[in-house]
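The stops below are given in the order in which they may be selected.

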Amino acid sequence: MKNDRDFKDISMSKELQFKVNKFLACENATAIFMHPENVIFMIEERILNFSENSRVFYVNIPFTLSHELRHFRQALFFGKRLDIMLSDYSIGYSELLKDNQYNKLHWCEKDAYTYSYQFTQKHKQEIMRIFNIDEWIYLLPFDYEKEWKNYKRKMGVLPQITWAVKDYLFWKKRLMN
């Protein structure tokens, strides 16, 4: 969408309209994945307002889209269990971002931000070429993967071994890649 007003031109079910209105009420929200409708809404004007210049705006576009696509992937991965996994989720988490309280984000946001961070880092040359950006910017001051590795290093030897074995044998996250 170009701006918030563009939602008036879309016919929606009452349930989806309720969700969209809730999303629009969060002034700092720039995009959202709606489940079970499997719709992603991104608002160009909000992303532009969130970005301090055009370079940041053009990096925010693939970052935000990959973030919302990660939420779609989470929905596919968890299937009918997604509602249970999101039972404690709140759409108004943007205040945590403003206050640099990334560790308090919901697991699904931590996962999506980590994925988007990795995606944009991996594809930064292509993003720079597509959007004609001459200098790379860093969107988040926080790298979840790095923080997780630091946390694991602080664990005792036995918990580290146990965690590694459980990751290898039982953890299904590698299916989400």
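Begin by selecting N38, which belongs to the loop between β1 and β2. This is a predicted model. The phi angle of N38 is near 55 degrees, a positive value in a residue other than glycine. Most residues other than glycine have a negative phi, and most peptide bonds are trans. N38 counts as partly exposed, since its relative accessibility is 42%.

Remain in this loop and select P36, which also lies between β1 and β2. The peptide bond that leads from H35 to P36 is cis, and its omega is near 15 degrees.

Next, display the two strands on either side. Strand β1 covers residues 31-34 and strand β2 covers residues 39-42; they pair in the antiparallel sense over 4 bridges. Their hairpin has 4 residues between the strands. Which residue of β2 stands opposite F33? It is I40.

Continue to R46 and show its side chain together with the ring of F23. The charged end of R46 sits over that ring, 5.5 Å from the ring centre.

Now select S51, in the loop between α2 (44-50) and α3 (54-78). Is S51 buried or exposed? With a relative accessible area of 8%, S51 is buried. Leaving aside residues up to four places away in sequence, S51 touches V56, F57 and N60.

The structure holds 8 aromatic pairs. For one of them, select F77 and F78, whose ring centres are 4.9 Å apart and whose planes meet at 80 degrees; the pair is therefore edge-to-face. Both residues may be checked for burial: F77 is buried at a relative accessible area of 19%, and F78 is buried at 12%.

A further pair is formed by Y115 and F119, which are stacked, with 6.3 Å from centre to centre and 25 degrees between the planes. Why are Y115 and F119 separated by about one helical turn? They are 4 residues apart in helix α6 (residues 107-122). Y115 is partly exposed at 30% relative accessibility, and F119 is likewise partly exposed, with a relative accessible area of 28%.

Move on to N132, in the loop between α7 (124-130) and α8 (144-154). What is the phi of N132? Its value is near 55 degrees, again positive in a residue other than glycine. N132 is exposed, with a relative accessible area of 72%.

Finally, clear the selection and view the whole chain. The chain contains 9 helices and 2 strands, in the order α-β-β-α-α-α-α-α-α-α-α along the sequence. Of its 177 residues, 36% count as buried. The chain exposes about 11,900 Å², of which carbon and sulfur atoms supply 55%. Among contacts between residues at least 6 apart in sequence, 53% join residues at least 24 apart.

Note on methods. Residues are numbered from 1 along each chain as its sequence is written. This is a predicted model: local features need pLDDT of at least 70, side-chain atom pairs count only at pLDDT 80 or more; totals for chains, interfaces and linings use all residues. Side-chain values use heavy atoms; hydrogens and water are left out. Rings of Phe, Tyr and Trp (its six-membered ring) pair if their centres lie within 6.5 Å; planes under 30 degrees apart count as stacked, over 60 as edge-to-face and the rest as tilted. Buried means under 20% relative accessible area, exposed over 50%, partly exposed in between (1.4 Å probe, protein chains only). A charge sits over a ring if NZ of Lys or CZ of Arg is within 6 Å of the ring centre and within 35 degrees of the ring normal. Two strands pair if DSSP finds at least two bridges between them. Contact means heavy atoms within 4.5 Å. Accessible areas come from the Shrake-Rupley method with a 1.4 Å probe; for residues, only the protein chains shown count as cover.
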